Amino acid sequence: MTLELRQVGRNINNQWIVENLTMTVADNECLALVGPSGCGKSTTLRLIAGLDPVSTGSVQISGRDITTLSPAERSVGMVFQSYALLPHLNVFENLELGLRIRGVSKRERTSKIRQVLDLVQLWNRANNRPAELSGGQRQRVALARALLREPEVYLLDEPMSNLDAQLREDIRPELRRLVLEQRKPTIYVTHDQHEAMAMAQRIAVLNEGKIEQIDTPYNLYHNPCSLFVARFIGRPQINCLKDESGHIRGVRPEAIRFSDSGLSGKLQSREWLGNSQLLFLETQQGVIRIMAPPEQAIPEQIRLTWRAEDEILFNAETGLRLSR
Amino acid sequence: MARDHGGAKSGCRSLRKMKAARFMIIALLIWSLGPLAWQLYTSFCTDQALVTPFASLDQRWTLVHYQSVLNSNPPFIRYLFNSLFAGVVSTVLTLLLAIPASYSLSKLGKRSALFFKCLLIGCALFPYVLLFLALLEIARYLQLGNSLIALAIPYAALSQPLAVLLLTNAFSDLPPELEDAARVEGLSVLQRFRWVLLPLISPAIASTAILVFLFSWNEYPIALTWISDSDQLTLPVAMARIAGSSIHSVPYGPYAAATVIGSIPLIILVMVFQKPIVSGLTTGAIKG
């Protein structure tokens with residue numbers, strides 16, 4: 001089973017919310033959609049789910065064109081950012097609703113719900129209303145509902161952004177276990193590039209409704225195709241130095257070393273990150289960020305250097321990468 | 001407390017504020033409940049006691065007014081049921097039309113929704129008394145006179161603007177993701193109404209229903225002109241007839257008794273639905 005988008009676009013009032021999206025998500029693959037807010041990530045999911053109509057292009061699942069089908073006729077399991085559980089129904093009834101509508105018998109419904117609630121370890125909360133559950137539990141119920149749909153595609157819309165940082169880290173392995181083991185194409189929308197790298201095999205970086213680059217986390221980090229991608233992927237952010245020839249040189253903070261010659265600078269501030277320290281140095285070319293080992297001593301005369309192969313050149317006007 | 005001067009002062013101030021608030025509440029209660037209490041008192045007084053309130057009488061209290069009202073022909077209960085019938089039919093009719101209308105209105109784009117809302121507010125502000133001659137002509141032409149069901153039609157129409165405005169706010173207050181999730185689950189529009197939308201806006205529906213019911217319960221000019229058959233009269237018209245039944249005197253006692261009886265269903269209704277009314281009105285108010 002594969003999910004394929006071909007030149008998909010959505011236009012509202014002569015404005016492209018997403019434009020010319022083409023991508024393929026393979027069986028058993030998790031693709032993350034990342035980008036700043038308003039870049040069209042959630043719209044893309046809604047187009048795939050059929051919640052919004054596409055203006056151009058087509059959506060296919062395993063070669064079957066589903067572009068004009070209603071959400072009910074497509075087989076997608078979606079987890080919403082707010083979980084979207086019905087407040088007046090308890091957990092069991094929330095899960096039962098979709099099954100009942102799809103004509104599953106009472107006995108089968110009960111056994112299926114029992115099974116999926118065991119899987120997300122919430123069978124003991126079956127009679128609770130959503131308001132009586134914690135954020136993490138609600139998220140698991142929403143996930144259980146998507147699993148019960150037995151969909152051909154999973155769509156996760158910022159499923160963890162309402163959880164605190166610690167819980168997010170705890171839930172990540174569980175999410176991987178539950179969703180990725182279904183071996184279905186999965187699209188994971190997030191604004192957190194860190195989460196995207198942790199969850200997905202490939203990441204699509206969206207900018208103003210267009211795909212900047214789709215690649216593996218490794219390639220996005222080391223071979224960004226544009227300044228936008230280079231800046232969006234990787235924390236602390238890449239250093240962008242304007243060169244005499246009008247190009248922009250991007251250097252990752254961990255690639256910069258102290259040396260006897262090179263760019264001179266002055267220490268502005270430092271942040272301890274535990275396993276490393278982040279130094280902010282003032283230079284003629286602006287503030288430069290350096291990731292250094294925690295035991296790194298800071299020399300009195302600061303000179304900075306990096307290897308030529310760690311440098312990525314961008315066109316200053318278009319922001320596109322120049323071949324090395 | 002003695003040490004903390006500021007605290008003591010502000011304590012004093014808040015105490016004074018509370019006293020002032022209490023006074024205001026009591027004044028407000030007297031203002032609004034006073035006439036009702038007076039009616040209640042009048043309904044149980046003998047005619048003698050009414051005209052000489054301070055004289056000492058052998059017989060001050062009586063149930064005779066209630067007896068005369070309840071034993072009239074047709075019995076007063078009849079009007080109560082007529083009003084109840086017209087009220088229920090017009091409420092159901094209003095909701096049947098207003099719920100789908102407000103759902104669509106809440107889904108419209110901002111500009112067109114604003115346009116239609118302005119139109120509705122315009123309709124709601126229009127003094128409906130000016131319509132009743134025209135309505136009477138229509139009723140005559142369609143032969144809708146002397147029918148309580150027909151009476152519910154103008155009631156539902158007149159209640160429509162307010163009902164649609166209240167319910168539209170309720171629909172737009174719902175998080176859109178709830179309906180999206182239901183669509184992904186495969187629910188059709190009607191199924192979404194049944195399982196998602198109606199349960200979630202039920203407080204707004206209850207408060208709207210009560211307001212519509214109150215309007216039809218109290219409505220006078222249309223009921224007066226549409227209905228002449230004394231078996232079909234609604235409460236306000238029947239009460240006016242009691243008040244004007246004699247040229248020489250005003251029957252204060254029976255009139256008061258009729259008022260009391262006519263208020264009881266409303267009081268029960270409001271007490272039962274008090275909570276949804278308040279919450280429904282405020283959710284509308286916050287969104288504005």
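This is a short chat about a helix pair in chain B and some strands in chain A of a predicted model.

Trainee: What ground rules apply here?
Mentor: The model is predicted, with local features needing pLDDT of at least 70 and side-chain atom pairs pLDDT 80 or more, while totals for chains, interfaces and linings use all residues. Residues are numbered from 1 along each chain as written, chains are lettered from A and ligands numbered from 1 in written order, and side-chain values use heavy atoms, without hydrogens and water.

Trainee: At what angle do H5 and H7 of chain B pack?
Mentor: About 140 degrees, with the axes 8 Å apart. Axes are lines fitted to C-alpha atoms over the stretch in contact, and angles run from 0 to 180 degrees between N-to-C directions. Helices are DSSP runs of H or I, at least four residues; strands are E runs of at least two.

Trainee: Which residues of H5(B) meet H7(B)?
Mentor: Lys117(B), Leu120(B), Ile121(B), Cys123(B) and Ala124(B). Their partners in H7(B) include Pro161(B) and Leu165(B). Contact means heavy atoms within 4.5 Å.

Trainee: Switching to chain A. In which sense do S1 and S4 pair?
Mentor: Antiparallel, over five bridges. Pairing takes at least two DSSP bridges. Glu4(A) stands opposite Gln60(A) in S4(A).

Trainee: And what does Gln60(A) stand opposite in S5(A)?
Mentor: Asp65(A). Two bridges join S4(A) to S5(A), and these strands run antiparallel.

Trainee: How many residues lie between S4(A) and S5(A) in the hairpin?
Mentor: Two. Ser62(A), in the turn, has a positive phi of about 50 degrees.
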